[in-house]
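Biologist: I would like to learn how to read a model like this one, feature by feature. Could you take me through it?

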Amino acid sequence: MITTELDTLTDYIAKTNSTMFPVAEKLLYYNIAYGLLYGMAMDQQEDNYELEYTKDTVAAQSEYQEKARIHHINWLKINYGDGFIPARYKSEQDLISEYGTELTTVLSQWSASDPIYNYKGIHFFVYPAPDDDQDGTNRLKISAELLPADLTAGDTPSLPFNFQYLLAEYAAHRYHQNNGETDAATLRLNNFNTGVALMIETA
C-alpha cells in the first residue's frame with residue numbers, strides 16, 4: 001500500500017486525523033519502522049541483500065557516500081597501487097576510545113599496509129586516504145547491505161504486502177507514546193512485535 005493508504009490506516013488505528021497526527025510526522029515513524037523491519041529481514045536472509053561493487057578512490061578523501069543507509073559492510077578492499085588489501089573494521093567509538101584527541105593525527109598517518117574502515121548512516125570511511133599517486137578508478141571493492149531509501153509521499157514500501165500494516169502500527173504506537181497514552185501505546189507495540197515475529201518466522 002502507498003503511504004497515503006498507510007496514513008488512512010494509521011488514523012483508523014490511532015483514532016486520529018491529519019490535524020491531530022500530521023502526515024510528515026507519520027512518514028517519519030513509517031521510515032523508522034521501515035528501517036527496523038528491513039534490517040531484520042536482512043539479518044535473516046543476508047545472501048539475498050548482499051551487493052558487491054566497486055568505487056573510485058579520490059586523493060586525500062576518506063569519506064564515501066552510498067545511495068542509502070548502510071545496514072552492514074561484509075568486507076571492503078582497497079588498492080593503493082600495488083593490488084587490493086582487505087581493510088579491517090574498526091568502529092569510530094573504538095578509535096575515539098583508543099586515540100582520543102590524537103585521533104585526527106593518528107588517522108592521517110595510518111599505514112596503507114593495514115587499512116581500516118567504519119560506517120555511519122549513508123557514509124563509510126576508509127583510512128588511510130590515498131594520496132595523489134594512489135587514487136584511481138575502481139580501487140575500492142565493497143560487499144555491503146544497504147537499507148532502502150526513505151519513503152516519501154506516494155511511495156510503496158518494499159515489504160510483503162501483508163506486513164506493510166506494521167508501519168501503521170508502529171506510527172500509532174509512537175503517537176500514543178508521545179501523548180502519554182500508555183495502555184494504547186503498549187497495545188500497538190505488542191501488535192507491532194507480534195507482526196515482526198511472524199514476518200521473521202515466514203521470511
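Predicted model: local features only at pLDDT ≥ 70, side-chain atom pairs only at ≥ 80, totals over all residues.

Biologist: What is the order of the strands in the open sheet?

Modeller: The general idea is that strands of a sheet pair through backbone hydrogen bonds, either parallel or antiparallel. Helices (H or I, at least four residues) and strands (E, at least two) are DSSP runs, numbered from the N terminus, and two strands pair if DSSP finds at least two bridges between them. Here, seven strands form an open sheet in the order E1-E7-E3-E4-E5-E6-E2, with mixed pairing. E1 and E2 are the edge strands, each pairing on one side only. On average, neighbouring strands of this sheet are turned by 30° against each other, direction ignored; the axes are lines fitted to C-alpha atoms, for helices over the stretch in contact, and angles run from 0 to 180 degrees between N-to-C directions.

Biologist: How many bridges link strand E3 and strand E7, and in which sense do they pair?

Modeller: E3 (residues 70-79) and E7 (residues 140-146) are antiparallel, with seven bridges. Within this pairing, Trp-75 faces Ser-143 of E7, and Ile-73 has Ala-144 as its bridge partner. E7 also runs antiparallel to E1, joined by five bridges, and there Thr-54 stands opposite Lys-141.

Biologist: Is E7 mostly covered or mostly open?

Modeller: Buried means under 20% relative accessible area, exposed over 50%, and partly exposed in between, with a 1.4 Å probe and protein chains only. E7 is mostly covered, with six of its seven residues buried.

Biologist: What do E3 and E4 form?

Modeller: They form a hairpin with four residues between the strands. In the turn, Gly-81 has a positive phi of about 125°.

Biologist: Which residues have the most contacts inside the largest nonpolar core?

Modeller: In soluble globular proteins, nonpolar side chains tend to be buried together. A nonpolar core is a set of buried Ala, Val, Leu, Ile, Met, Phe, Trp, Tyr and Cys residues joined through side-chain atoms within 4.5 Å. The largest one has 27 residues, and Tyr-30, Leu-37, Leu-167 and Phe-192 have the most contacts inside it. H1, H2, helix H6 (165-178) and helix H7 (182-202) are the elements giving two or more residues to this core; H2 supplies the largest share, eight residues. Apart from this core lies another, of 15 residues, including Ile-78, Tyr-117, Ala-144 and Leu-146.

Biologist: Which residues does Leu-37 touch?

Modeller: A contact means heavy atoms within 4.5 Å. Leaving out residues up to four places away in sequence, Leu-37 touches Leu-159, Leu-166, Leu-167, Phe-192, Val-196 and Met-199.

Biologist: Why does Thr-16 count as buried?

Modeller: Thr-16 counts as buried because its relative accessibility is 11%. This residue sits in the loop between helix H1 (3-14) and helix H2 (23-44). Its side chain makes a polar contact of 2.6 Å with that of Asp-11; such a contact is a pair of N or O atoms within 3.5 Å, where within protein one must be able to donate a hydrogen and the other to accept it, and residues adjacent in sequence count only if both atoms are side-chain atoms.

Biologist: Which residues have a positive phi although they are not glycines?

Modeller: Ala-60 has a positive phi of about 65°, and Asn-138 has one of about 55°. Ala-60 lies in the loop between strand E1 (51-55) and strand E2 (63-65), and counts as exposed at 69% relative accessibility. Asn-138 is in the loop between E6 and E7 and is partly exposed, at 39%.

Biologist: Where is the cis peptide bond?

Modeller: The cis bond joins Tyr-127 and Pro-128, with omega of about 0°. Pro-128 is found in the loop between strand E6 (123-127) and E7.

Conventions. Residues numbered from 1 in each chain as written. Heavy atoms only, no water.
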